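Hello,

Please find the structure below. My notes on what was found in it follow.

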Amino acid sequence: DSMIHLHVLSSPDLNAVRSFQFFHNQLYLGRSSGNLCIHDPELTRSHVMLEVVGTDLLVHPQREVTHYLINGKRATEIRKIKPGQTITIGK
């Protein structure tokens with residue numbers, strides 16, 4: 001398995017504002033289901049899935065998600081992200 005380091009920088013859910021390490025190839029983030037639940041009314045139940053493929057990290061928006069941001073730029077489909085880039089979901 002791979003390890004995903006995730007740093008939540010800002011959230012209405014103050015319990016989520018910290019660093020996380022997950023030993024998974026796939027990581028689901030959402031409001032009420034997944035590996036990391038963040039209590040944010042703007043998130044869907046299962047909002048995005050992060051997936052490690054080789055040395056790449058992919059962001060998969062889930063079914064009801066219209067868009068998310070990578071370094072402030074709108075993304076609507078599966079995208080590869082680089083270390084240090086910022087993903088914005090919800091608030």
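**Notes on the chain**

Read along the sequence, the chain runs β-β-β-β-β-β-β-β-β-β. That makes ten strands and zero helices. Both kinds of element are DSSP runs numbered from the N terminus: helices are H or I over at least four residues, and strands are E over at least two.

The model is predicted, so local features need pLDDT of at least 70 and side-chain atom pairs count only at pLDDT 80 or more, while totals for chains, interfaces and linings use all residues. Residues are numbered from 1 along each chain as its sequence is written, and side-chain values use heavy atoms, with hydrogens and water left out.

**Overall form**

The radius of gyration, taken over C-alpha atoms, is compared with a globule rule of 2.2 Å times the number of residues to the power 0.38. For 91 residues a compact globule would have a value near 12 Å, and the chain agrees because it has 12 Å. Along the principal axes, the C-alpha atoms fill a box of roughly 35 × 25 × 20 Å. Of the 91 residues, 37% count as buried; buried means under 20% relative accessible area, exposed means over 50%, and partly exposed lies in between (1.4 Å probe, protein chains only).

**The sheet**

Five strands form an open sheet with mixed pairing, in the order β4-β3-β5-β6-β9. Two strands pair if DSSP finds at least two bridges between them. The edge strands, β4 (36-37) and β9 (79-81), each pair on one side only.

- β3 (residues 26-30) and β5 (residues 48-53) are antiparallel over four bridges, and Gln26 has Glu51 in β5 as its bridge partner.
- β5 and β6 (residues 56-61) are antiparallel over six bridges, with Leu50 opposite Val59 in β6. The hairpin of β5 and β6 has two residues between the strands, and Gly54 there takes a positive phi near 65 degrees.
- β6 and β9 are antiparallel over three bridges, with Leu58 opposite Lys80 in β9.

**The core**

In soluble globular proteins, nonpolar side chains tend to be buried together. A nonpolar core here is a set of buried Ala, Val, Leu, Ile, Met, Phe, Trp, Tyr and Cys residues joined through side-chain atoms within 4.5 Å. The largest such core has 20 residues, and Leu6, Leu27, Leu29, Leu36 and Leu50 touch the most other members. β1 (4-7), β2 (19-22), β3, β5 and β7 (68-70) each give two or more residues to this core. β5 gives the most, with three residues.

The C-alpha atoms of Leu36 and Ala16, 20 residues apart along the chain, are separated by 8.5 Å.

**The aromatic pair**

How many aromatic pairs does a search of the whole structure find? The search finds one. Phe20 and Phe22 are stacked, at 6.0 Å centre to centre and 15 degrees between the planes. Rings of Phe, Tyr and Trp (its six-membered ring) pair if their centres lie within 6.5 Å; planes under 30 degrees apart count as stacked, over 60 as edge-to-face and the rest as tilted. Both Phe20 and Phe22 are buried.

Regards
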